[in-house]
Amino acid sequence: MFKLLFLLCFLSAAVFCRGDNDDWRDVIPAATKFLDCINLAILLYDVDEGDRGDSRWEKEGFVPMIFMDVGLSTEFTLSFKNQTLFLAFRGSDDTQDLWDNLDTAFTSYSPPNTTMISGGKGSVAPDDAMVHRGFYNKLFGNEYFMTITEQIFQHFIPNFPAYDLVLTGHSQGAAVATLYGAYLAARMPERQVSVLNFGSPRLSNAAWKDWIQEELTNLAIFRFVYEEDFVPRLPLYSADYRHVGHLLYKFEHDDRQIKAYYQQTGQGEYDGIDDYEWDIDFNILDPLDSITDHRDVTTKEAIVAAIDDSQFWPTGFETTSAPECCWQAFGRCFRWC
């Protein structure tokens, strides 16, 4: 009888040891993965038909397979590197992008129906799940993009099942990457999808955020914000806009330290930065500080610094109290036995 109780105690302790960290969505990716993403975002801003796959892409280790052009701009690329399939979206770069950014009315999240490789039924967003209309139309109102989507589903995703699937973008591209990441995760529930983005604006209401967190268990979202970057503070929280996913935050007054916050607003034992608390402090000596903090190269510098000295890269989320370790849980349970 005692042996049976001892075994039950051990199994119980194993359950306690798992905690929230057992969820793959809560594992903070390596700094090198974020560096790959910001490099790709930077390349995409500058790409044109004359330099696709040139020495700059080769230097960063990318093999570009698809580019999508709209007018004179390249909006999207699908590229390979180190057993990872990267889908990157360009940020704001022309007048139309500006109008899309300013179109802050909410619209329902109901992407057009396309042929899916899984052939199964994924999760469907509830009727009250709303997103930024400008970003939504930029993605799902684009006939060129939907054509590219068919190629991705038919020729790339099914042929590389062992590859990591990572979406990325900077600024507006970050918001669009998040919307498309949800699209992929909802339609391919058997495939893990990661979104690692930079300087993303808020893009949804609370209902869409809840749907992402509660229903799309195959989708992990991490947002990198550099200091007082003004874009992630827009659209306003008071206008019912919310951020989605975990926050990696480089503080202005914390040297090179980058900290991770669980779903930004926190949950359970995790301590998060409330959207309405991370105000921008106006600096009369540098009035454009919040604008320069939005630059992709500034973000890259912070990530490189964390790679050079790993103590600056987070290995866990900020907590209000130290989580109970495995043996503490086992000891407590053993005493009960």
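Figure 1. Take the contacts in the protein chain with a separation of 6 or more: 75% of them join residues 24 or more positions apart. This is a predicted model, and its protein chain has 11 helices and 10 strands. Of the 337 residues, 51% count as buried. The accessible surface comes to about 16200 Å², and carbon and sulfur atoms hold 53% of that.

**Figure 2. Serine 200, a buried loop residue.** Here we zoom in on the loop between strand E7 (193–198) and H8, where serine 200 is found. Serine 200 has 2% relative accessibility, so it counts as buried, the cut-off being under 20%.

**Figure 3. Serine 200 and glycine 169.** This view pairs serine 200 with glycine 169, 31 residues away in sequence. In space, their C-alpha atoms are 8.3 Å apart.

**Figure 4. Glutamate 214 on helix H8.** Next up is helix H8, which covers residues 206–215 and includes glutamate 214. Glutamate 214 has a relative accessible area of 58%, so it counts as exposed, the cut-off being over 50%. Serine 200, in the loop between E7 and H8, is buried instead.

Definitions and conventions:
Residues numbered from 1 in each chain as written. Predicted model: local features only at pLDDT ≥ 70, side-chain atom pairs only at ≥ 80, totals over all residues. Heavy atoms only, no water. Helix = DSSP H or I, 4+ residues; strand = E, 2+ residues; numbered from the N terminus. Buried < 20%, exposed > 50% of the residue type's maximum accessible area, 1.4 Å probe, protein only. Contact = heavy atoms within 4.5 Å. Areas by Shrake-Rupley, 256 points an atom, 1.4 Å probe, with all protein chains shown as cover.
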